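Please go through the structure below with me.

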Amino acid sequence: MGVQEYIVLAVLAAAIIYLALRFTKKNSGCGDDCNCH
Amino acid sequence: MSSPLKVALIGNPNTGKTSIFNALTGLRQKVGNYPGITVEKKTGACSFGPDLNATIYDLPGTYSLNTTSLDESVAVEILLNRRDPDFPDVVVVIAEVENLKRNLLLFTQIKDLGLRTILVINMSDRMKRLGIEIDVPSLESSLDTRIALLSSRNDTGIEDLKAILSDYKSISDQPSLDITDIDKAYFENLKTTFPKIDGYKLWLAITQDVNFMPIEKKVIPDRSAFSTKSKAELQKMQHRETVLRYKYINNALKEGYQKDLSKADGIQGVLDRIFTHKIFGYLIFFVILFTMFQAIFDFSSYPMDAIDHFFASASEWIKATLPSGVLTDLLAEGIVAGIGGVVIFIPQIAFLFLFISILEESGYMSRVVFLMDRIMKPFGLSGKSVVPLMSGMACAIPAVMATRTIENWKERLITIMVVPFTTCSARLPVYLIIIALVIPEGRFLGLGYQALVLTGLYLLGFLAAVVAAAILNRGLNIERRSFFMIEMPTFKPPQFRNVAITVFEKTKSFVLEAGKIILALSVVIWFLGSNGYSDSFKNAEAEVIQQIQQQGLNLSDDELSQKLSSYKLEHSYIGVLGKIIEPVVKPLGYDWKIGIAVITSFAAREVFVGTLATIYSVGEESESTIVGRMALETDELGKPIFNLASGVSILLFYAFAMQCMSTIAVVRKETNSWKWPMIQLGYMTLLAYLSALIAYQTLI
C-alpha cells in the first residue's frame with residue numbers, strides 16, 4: 001500500500017469514528033422522553 | 001480587567017428582545033445549545049466603556065416564570081441557580097409599550113428573585129400613534145427600578161440602556177411584593193422547613209409545570225412541621241399571586257402610564273380583521289404560501305445549478321490536475337461531492353428562512369398560526385406546524401429546523417416525525433423519471449395522466465403526514481398541555497438586520513451540524529462504491545475488455561470508461577450488497593441494480609437517478625437517454641423491468657420512505673437523540689415497503 005492508500009484509509013477511519021461517536025453520544029435531559037415536558 | 005458583567009435579556013415573546021440583543025452585540029454573537037437540550041442559547045459581547053465589558057444572554061421569550069415549555073424553563077433555571085455559570089449580575093426585562101401591563105407581570109416576578117432588574121420599554125416610537133404617554137421618573141420610583149425608553153426600530157434609547165447598565169451597582173435588587181401575602185401560614189411553614197432558601201424561589205420550584213434538571217431532590221427529615229398542599233390548592237395560590245401582582249402593577253401604572261385610545265389610529269385593527277377573516281384569511285394565506293414556494297423554487301434553482309456545476313468542475317479539475325490515484329478519487333468523488341451535497345441545500349434553506357423571517361418580523365405569521373390552529377389540533381398538530389409542513393415541500397431539512405417555533409414538545413415532535421412525508425424537491429427527479437417511464441401520455445378531461453399522477457403524489461405525501469400525525473398523537477405517551485396563547489404583535493415593516501441575522505444563523509447551523517454528518521457518510525459510501533474484494537473487481541478492466549471483444553463492440557473512450565465504472569460498481573462492496581438485498585427488493589419488482597440505487601439514494605433521494613445513470617452506463621446529463629435505456633432493461637424472462645407495477649411500486653416507495661440521511665442528521669440534532677430518527681426511519685421504511693409490495697403484487 002502506498003502513501004495515498006494510507007491517507008484514504010485514515011480519512012475513512014476518521015469518518016467512521018466520527019459517525020460512531022455521533023451515534024453513541026450520551027444524551028442527557030430533554031429532547032428525549034424525559035419527564036420535563 | 002475584571003470578568004465581564006453578565007447581563008440577561010428576558011421578556012415576553014414579540015417584544016423586540018432579539019432586536020435589542022442584536023443592537024447591543026452586533027455580530028459578536030455565539031449561538032449554541034443549552035447543555036443536554038436543543039433550546040438555542042444565544043450569547044454576545046458588548047462593551048460599556050474601556051473598563052466594563054459585558055456578556056449578554058438572550059434568554060428564551062416567556063410570559064411569566066410559571067413555565068409551560070422547555071424554552072421557558074431554561075430561563076427560570078438560570079435565574080434560580082446562583083451557581084449556574086450563566087447566572088446574571090443584572091437582568092434586563094424587555095417590555096413593549098402597548099402591552100406594558102401584561103409585560104410587567106414577568107418584571108415583578110424577576111424582581112422578587114432579588115436580582116438587579118432594569119426595565120426596557122421598547123417600541124416607544126409607537127407611543128404617539130397608540131395614544132400613550134409615559135412619565136419615566138414617576139414610573140421608575142413606583143416600580144423601584146431604572147427604565148430605558150427604547151425604539152429598536154428607530155435605533156433610539158440603546159445608549160440610555162448602556163448608561164444605566166454601566167451604573168448597574170445603583171440598581172435596586174429589592175422585591176416588588178411581599179410573597180408571604182399569598183398565604184402567610186404556608187410561607188411561614190416553608191421558612192421553618194427551609195430556613196436558608198428564599199421563599200419565592202422555593203415557591204417557584206414547587207409550582208412549576210416542568211421539572212428542573214439541576215435541582216437536587218432531598219427527603220425532608222422532619223415533615224411534621226411542613227404541611228403540603230394539593231395541586232388544586234397550589235393552583236389557587238398561584239391565582240392569588242397573579243391577582244396580587246396585577247394590583248401592584250395597576251397601582252404603579254396609575255400615574256406614570258396614560259393611554260388615550262381616542263388619539264390612536266386604527267389601521268392595525270382593519271388589517272387584523274382582513275388577515276384573520278374566516279374565508280379571506282385562508283385565501284390570502286394560501287396565495288402568500290404558493291407565491292413563497294414558487295419564489296423559493298425559482299430563486300434557488302439558479303444558485304443551485306451554479307453550485308452543482310461548480311462542484312462538478314471542481315471534481316473534474318482535481319481529477320485532471322492531481323496525479324491519478326485513490327487519494328485523488330477520494331477528493332474528487334468523495335469529499336468534494338460530499339461538500340457539494342451539503343452546500344447545494346444552502347440556497348433553499350437561506351431563501352426559506354428569508355421568507356419565514358420576513359413573515360414573522362412583519363407580524364403576519366402570528367395571524368397564520370391563529371388561523372390554522374383550529375384545523376390542525378384534531379391531528380395532534382399545532383397551528384405552528386403549518387409552516388414546517390409547507391416548507392417540507394422544498395426540503396425536509398429546513399422544515400425540521402422550522403419546528404423550533406412550536407413550544408409544545410409533543411406537537412413539535414409529531415411535526416418533526418411527519419414532516420418527511422411531504423413531497424420534497426429531491427423526490428422530484430425520481431418521480432419525473434419513473435412517471436415518464438411507466439405512466440402513459442394520454443389525457444383525462446383535458447388533464448395529462450402524468451401531471452395528475454405527480455399532483456396525486458404531492459397530495460399523498462400531505463395526507464400521509466396528517467394521518468401519521470393523528471396516529472402518533474394517540475400513540476405517543478407524552479403529556480400535552482393543551483392551551484393556546486398567541487401574541488398578536490402589531491403589523492410593522494420587517495427589519496433588515498434581524499432578517500439577515502436569522503438567515504445567516506440558520507444556514508450556518510445547518511452547514512456546521514448536519515453538514516459534518518453528510519460529509520462523513522459520503523466518504524463511507526464513496527469507499528464502499530469504489531472498492532471491492534472480489535477478483536472480478538480487481539481485474540475489472542481486463543474482464544470488461546474481454547467482454548467487449550467477445551461481443552465485437554467498438555466503443556469510444558467515454559463509453560468504455562462508463563462501461564468499466566458500471567462493471568466496477570456491480571462488483572464493489574455496494575454492488576455485492578445490492579445482490580445480497582435482491583431477495584428483499586425482488587417482491588417489490590426491483591432487480592439488484594434498483595436495489596443499489598435505493599441504497600445509495602439513502603445519501604439523498606436524487607442520487608437514485610444518478611446511480612441508475614451510472615449503472616446503465618449513460619451520462620447523467622441526458623435524461624432522455626436514461627429513460628430510453630431504462631425502458632429497454634429486461635429481466636431474465638425478457639419482460640421490461642420498468643413496467644406499470646414496478647413503476648408504481650418505486651413511486652410509492654419514494655413517497656413514503658425516509659431515504660435521506662441529511663434529514664436523519666437534522667432530526668437527530670433537533671431531538672437531541674438517535675431514538676426519534678431511528679423510529680422515524682423504521683416506521684417510514686416499513687410503510688414504504690408494505691405499500692410498494694401491495695402495489696406491485698396487485699398490479700403485476
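Leaving aside neighbours within four places in sequence, B:T145 is in contact (heavy atoms within 4.5 Å) with B:F107, B:T117, B:I118, B:L119 and B:E140. The model is a predicted one, where local features need pLDDT of at least 70, side-chain atom pairs count only at pLDDT 80 or more, and totals for chains, interfaces and linings use all residues. Residues are numbered from 1 along each chain as its sequence is written, chains are lettered from A and ligands numbered from 1 in the order in which they are written, and side-chain values use heavy atoms, without hydrogens and water.

B:T145 sits in the loop between α5 (136-143) and β8 (146-149) of chain B. Helices (H or I, at least four residues) and strands (E, at least two) are DSSP runs, numbered from the N terminus. A polar atom of the B:T145 side chain lies 2.6 Å from the backbone oxygen of B:T117. Such a polar contact is a pair of N or O atoms within 3.5 Å; within protein, one must be able to donate a hydrogen and the other to accept it, and residues adjacent in sequence count only if both atoms are side-chain atoms.

B:L457 belongs to helix α19 (residues 449-475) of chain B. The C-alpha atoms of B:L457 and B:L652 are 8.3 Å apart, across 195 residues of chain.

Buried means under 20% relative accessible area, exposed over 50%, partly exposed in between (1.4 Å probe, protein chains only). The table lists buried residues.

| Residue | Relative accessible area |
|---|---|
| B:T145 | 7% |
| B:D591 | 10% |
| B:L457 | 6% |
| B:C424 | 4% |
| B:C660 | 8% |

Which residues of helix α7 (residues 184-193) of chain B are buried? They are B:Y186, B:F187, B:N189, B:L190 and B:T193. These residues lie on the same side of α7(B), because they cover an arc of only 155 degrees around the axis. The arc is that of the directions from the helix axis to the C-beta atoms. An α-helix has 3.6 residues a turn, so residues three or four places apart point the same way. The buried residues of α7(B) pack against α8 (199-207) and α9 (231-256) of chain B. B:A185 and B:T192 are exposed on the other side.

Next, the cores. A nonpolar core is a set of buried Ala, Val, Leu, Ile, Met, Phe, Trp, Tyr and Cys residues joined through side-chain atoms within 4.5 Å. The largest has 94 residues, of which B:I434, B:Y590, B:F608, B:F642, B:I650 and B:F653 touch the most other members. Helix α11 (residues 280-321) of chain B gives the largest share, nine residues. Apart from this core lies another, of 51 residues, including B:A95 and B:L234.

No disulfides (cysteine sulfur pairs within 2.5 Å) turn up in a search of the whole structure. For B:C660, the nearest cysteine sulfur is that of B:C424, 6.6 Å away.

Chain A has one helix and zero strands. Of its 37 residues, 27% are buried.
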